[in-house]
Amino acid sequence: MYDHILFDVADSVATITLNRPDKLNALTTEMSRELVYAQKQCARESGVRCVVLTGAGRAFSAGQDLQEFQMLEGRATVGDHLRRGYHRVVMGFRQLEKPVIGKINGVAAGAALGYALATDLRIASDKASFVPAFIRIGLAPDSGVSWFLQQLVGPAKAFELLATGVRLDAQEALRLRIINQVVAPKDLDSTVSELAQRLVMGPTRGIGLTKSVLNKAAGHNLADTLEYEAQIQDIAYSTTDHKEDVAAFLEKRPPQFSGQ
Ligand code: LHQ
C-alpha cells in the first residue's frame with residue numbers, strides 16, 4: 001500500500017517514515033498521496049494516540065524532488081501542484097486531533113521544512129539542519145513555511161531566514177525556538193519514544209482539543225479565541241478522560257486515561 005513512506009503502529013504510536021533514503025527522502029506526488037492516506041488512518045484508528053514523523057537514512061527530507069518536478073512541468077501549475085499535495089499534507093497534520101512529534105533526524109529543506117513545522121513538537125538530532133531552500137532556487141516560500149516561521153521567530157527573522165536560505169544547525173534552530181529539543185543522534189530514538197509514550201498515556205481527546213484551540217488562536221483575536229475556547233471546553237468537559245481525571249484526583253489515585 002505504501003511505496004514512498006513506511007507506516008507502522010506499535011504501542012499506540014503510529015510512525016510515518018519518509019522513505020526514499022537514496023534521494024534524501026525528496027518529496028514526490030506519490031509521497032503526498034501516501035502521507036494523506038496515512039494521516040486518515042491515524043485519525044480513524046482510536047488505537048493510535050500519538051504520531052511520529054521522521055525520515056529514513058541521513059535526511060529528514062530535502063523537500064520537493066526537483067527531478068520529478070521537472071517532469072511535471074506543463075502538466076499542472078505550481079500552485080495546483082501545491083494545492084493537490086503539500087497543502088493537504090500540512091493541513092492534515094495540523095487538523096489531526098492527536099499529538100504529532102517531528103523526529104528530525106537530518107536535513108529538513110524546502111517543503112519538508114513545512115512538514116517539520118506542521119508537527120506539534122520537534123525533537124532533533126544534533127546532526128539535523130533546517131534549510132528554507134526556496135530562495136536558493138529563486139522561489140518564494142510555500143507549504144506553510146512563511147506562516148510557521150513568522151509565528152515562531154517573528155517577521156524580521158523569518159524574512160532573514162527566507163531571503164537568505166541559510167542552513168540552520170540544530171542548536172541555532174533550538175535557540176530560535178523552531179524546535180523543542182536537541183539530542184545526540186544515539187539518543188533520538190529513545191527520547192522520542194519516551195515522549196510518545198508519555199503522550200499516549202495522556203487524555204488524547206483533551207490533547208487534540210488543545211491543538212484545535214492553538215490552531216484557532218493563531219489566526220484570531222482574543223474575543224474570538226475566548227468564544228472558541230468556551231465551545232471546545234464544552235466538548236472537553238464531556239470526555240471520559242476528564243471525568244476519570246477528576247475522579248482520580250478526588251480518590252487520590254493516578255488516572256487511567258482511555259483517550260476518549
Ligand atoms: C535531491 C534533492 C531534491 C532531488 C538532494 N530533489 N534530489 C514545491 C513545489 C513546486 C516547486 C518546487 O518546490 C516546492 C517546494 C520545495 O521543496 S522547494 C525546495 C526544493 N529543495 C531544494 O532545493 C533542496 C535541494 N537540496 C539541497 O540543497 C541539498 O541537497 C541539501 C541541503 C538538502 C542537503 O545537502 P547535502 O547533505 O550536502 O546532500 P547533497 O546535496 O550531496 O545531496 C545528496 C543527493 O540527494 C544528491 O544526489 P547524488 O545522486 O548526487 O548523490 C542530490 O542531488 C540529491 N538531492 N536534494 N530536492
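**Ligand shell and sheet architecture of the predicted model**

The shell around the ligand comprises twelve nonpolar, four polar and five charged residues (nonpolar means Ala, Val, Leu, Ile, Met, Phe, Trp, Tyr, Cys and Pro; charged means Asp, Glu, Lys and Arg; the others, Gly among them, count as polar). The structure is a predicted model, in which local features need pLDDT of at least 70 and side-chain atom pairs count only at pLDDT 80 or more, while totals for chains, interfaces and linings use all residues. Residues are numbered from 1 along each chain as its sequence is written, and side-chain values use heavy atoms, with hydrogens and water left out.

Of the 21 residues around the ligand, those that come nearest are R58, A62, Q64, L66 and A111 (a residue is near a molecule if one of its heavy atoms lies within 4 Å of it). The ligand taken alone exposes 1,000 Å², of which the protein buries 68% (accessible areas come from the Shrake-Rupley method with a 1.4 Å probe; for residues, only the protein chains shown count as cover). Helices α2 (66-72) and α3 (78-95) each supply at least two residues of the shell, and the largest share, three residues, comes from α3. Helices (H or I, at least four residues) and strands (E, at least two) are DSSP runs, numbered from the N terminus.

Six strands form an open sheet of mixed pairing, in the order β1-β2-β3-β5-β7-β10 (two strands pair if DSSP finds at least two bridges between them). Because β1 (5-10) and β10 (181-183) stand at the edges with a single partner strand each, one side of each is left without a neighbour in the sheet. On average, neighbouring strands of this sheet are turned by 20° against each other, direction ignored. Helix α1 (residues 29-44) packs on the sheet, where it touches β1, β2 and β3 (50-55), and its direction makes about 15° with that of β1. Contact here means heavy atoms within 4.5 Å; axes are lines fitted to C-alpha atoms, for helices over the stretch in contact, and angles run from 0 to 180 degrees between N-to-C directions.

Strand β1 pairs with β2 (residues 13-18) in the antiparallel sense over six bridges. Within this pairing, A10 stands opposite V13, and V9 has A14 as its bridge partner. The hairpin of β1 and β2 has two residues between the strands, and D11 takes a positive phi near 50° there. The segment before β1 contains H4, whose side chain is joined to that of T28 by a polar contact of 2.8 Å (a pair of N or O atoms within 3.5 Å; within protein, one must be able to donate a hydrogen and the other to accept it, and residues adjacent in sequence count only if both atoms are side-chain atoms). Not counting residues up to four places away in sequence, H4 touches T17, L18, N19, R20, T28, E30, M31 and E34.

A further open sheet, also of mixed pairing, consists of four strands in the order β4-β6-β8-β9. Strands β4 (59-61) and β9 (168-169) stand at its edges, each with a single partner strand, so one side of each is left without a neighbour in the sheet. Strand β8 (residues 129-131) runs antiparallel to β9 and is joined to β9 by two bridges; F130 has L168 in β9 as its bridge partner.
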